[in-house]
Amino acid sequence: MVGGEITALHVHLGIELGETLTPHNREEPSSKMTIKTPVIPFIFAFHNLTYSLKSRRKIKLPGIVCQKAAKVVHTPSSDGKMLLNDISGVAREGEILGILGPSGSGKSTMLDALASRISTESLKGSVTMNGEILEAGTLKMISAYVMQDDLLFPMLTVEETLMFSAEFRLPRSTSKSKKMERVQAVIDELGLRNAANTLIGDEGHRGISGGERRRVSIGVDIIHGPILLFLDEPTSGLDSSCAFMVVKVLQRIARSGRIVILSVHQPSSRVVGLLDHLMFLSQGQTVYYGSPTNISIFLSDFGHPIPENEDKTEFMLDLYRELEGVPGGTQSIVEFNKSWQKSQKGSTFDSDYSKGLGGLSLREALRACISRVNHIYGDVNGTAETSANSEFANPFWVEIIVLAKRWLTNSKRMPKWFILQIGGVVFVGSIIASLFWQLDKTEGGIQERIGFFAFIIRTIFFGCTDVLEVFLQDRYIFMRETAYNAYRRSSYVLYHSIIAIPQLFILSILLASITFPFVGLDGGYSSFLFYFFAIFASFWAGNSLVSLVSGPVSQPHTPTVMLGYIVVMPWIGAFLLFSGFFIQRNRIPSYWIWFHYISVVKYPFQAVFLNEFDNPNLCLVEGVDKSCLVTGSDIVTKLDATDLGKWSCLWITVALGVFFRILFYLFLLFGSKNKRK
């Protein structure tokens, strides 16, 4: 499978579908040539999907010394909880497949299996498109996954949210006007015209309704026109009217030439009426697969006819819930479903699964689609087929620009966070300056200056922990967008670093300007400039360290700000302990000296300390005869801060910040796959 062909298909076909297949355009004739579906149908099939959680069994080993209690060794066991058990089915272009069942039935697991969100080592069976095995990378290019939670930036409007998604998903070669046309088409397709200029909103800001928010989440993931659309309980948390409207929109999306697969907990009869095929799951097994209209026949043949005026879906769910409580009850309906499916005359699963696309391979179908798109656009050179050589729509620098632009748009509407940061720095800086006001050059004043340096560096590092909350709030948006190649993880890390620099610069200049003159530090303008750089490097290293910690603690199921604080606070405390302030370098035990050199607090503390005292002409204590009893160099020697110069300490601090950013990237690269093991 050629990745460029697939990328070109879903980018360009997505734009064309948006322009030609919305309700608005169907009502008004267009002079443009339209795509009539189904012209080249796609058939998505899955066969014998099986997935279980491996348990660990205990093996007792006899004690060897003094009849000690037997040791217990945990080893992987072949026995485990079966989450999916031999499930097969098919979903066709233009149709919706609904996966139903009570909590714990395996709906979300099934959806993850189809969307390649389970590692191939654990998932058994095959997933194909038009009879060809779908690799995970290929599936990402032609599909989108809408999570159950609405993961959106609150201070962006509906139109802005979709436009930024278009900037990520559509290639740079697509003009701004074409992207805006696509956004407007999606807004009309989702029925969001009246809310287009309304903020998304959150708990603290009034915005669009829950149903509209869900439709925006869908729009973000269909902006590039994916062939496959997976949705995890899109009606969850919505009232019946909103749920019906959302599924009605999904039906319209499917009819425009896509395959829609969704999980539903307990849909209303109106919602079920919009679904083309249903798959009922119980304890990871299929208890019914087929059309909603055949449920009554199926249950009647099973010996449980639906009573008059009873909702067939609710009756089906209630029935096999009861069977789950009876020994062998679930297995009886599972086996009956298998035999009933085989007995159905004209079953299309086997024929579709074996023949695929009427003799056309997936590669041929994609090429035909691209050729048609080239014809529609008048692209005689076939750039739609040749321009997409990467799995990402844009180069990394474009991704960085779009990420920064989105952040600026969202942040300028809620400046409170940065204003509070500035206020906090001014307040703390003023308190410190008033406490260490105009320190003298006596022996006590020297100790107070050293204490001031240690305290201000410590304050900077602990103050940087607010980055945890910012990143953890955005972690799910990041994971959703990178899971399906909206942008690179490296672009995110670079953008994250770039936007931090001007903020840290402002905070550094404020803190340095408040404390340097009022504490009475020496050295004039050049000394102040270095002091500012050291403060800035401290902010940079501290921000990078906390970003690094936010990487591993932001993984699924471990996402609390409190956990981040629990991890980062002891590390900063340990770095401060070994910085050389509480105990001098020459008095640190040899088995701990390594920690002194990896302490990120050591280097900025030593830099500002040397900036103040590393001057042989600086006289700190004068004798009776005006002779100098204690010079700045004497203090440096006494504190054993002679191993590195101040500029070396400054550059090491900056380098440590870069190193933490690289580690942060590696954690995001390998630790945020959002896949089940």
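How many salt bridges does the structure hold? The count is 17, and keep in mind that this is a predicted model. We'll visit a few of them.

**Stop one.** Select Arg 92 and Glu 95. These two form a salt bridge, and their closest N and O atoms sit 3.8 Å apart. Arg 92 has 14% relative accessibility, so it counts as buried, since the cut-off for buried is under 20%. Glu 95 comes out at 22%, which makes this one partly exposed.

**Stop two.** Next, pick Glu 233 and Lys 107. Here's another salt bridge, with 4.0 Å between the closest N and O atoms. Glu 233 is in the loop between β7 (228-232) and α8 (240-255), while Lys 107 belongs to helix α3 (residues 107-114), so the pair ties together parts 126 residues apart in sequence. Glu 233 is buried at 12% relative accessibility, and Lys 107 is buried too, at 4%.

**Stop three.** Now go to Asp 643 and Arg 585, a salt bridge whose closest N and O atoms are 3.9 Å apart. Asp 643 lies in the loop between α25 (632-638) and α26 (646-671), and Arg 585 in the loop between α22 (561-577) and α23 (593-598), so this pair links parts that are 58 residues apart in sequence. Asp 643 is partly exposed, at 26%, whereas Arg 585 is buried, at 18%.

Through salt bridges that share partners, Arg 585, Lys 602, Asp 640 and Asp 643 are joined into one network.

Definitions and conventions
Residues are numbered from 1 along each chain as its sequence is written. This is a predicted model: local features need pLDDT of at least 70, side-chain atom pairs count only at pLDDT 80 or more; totals for chains, interfaces and linings use all residues. Side-chain values use heavy atoms; hydrogens and water are left out. A salt bridge is a side-chain nitrogen of Lys or Arg within 4 Å of a carboxyl oxygen of Asp or Glu. Buried means under 20% relative accessible area, exposed over 50%, partly exposed in between (1.4 Å probe, protein chains only). Helices (H or I, at least four residues) and strands (E, at least two) are DSSP runs, numbered from the N terminus.
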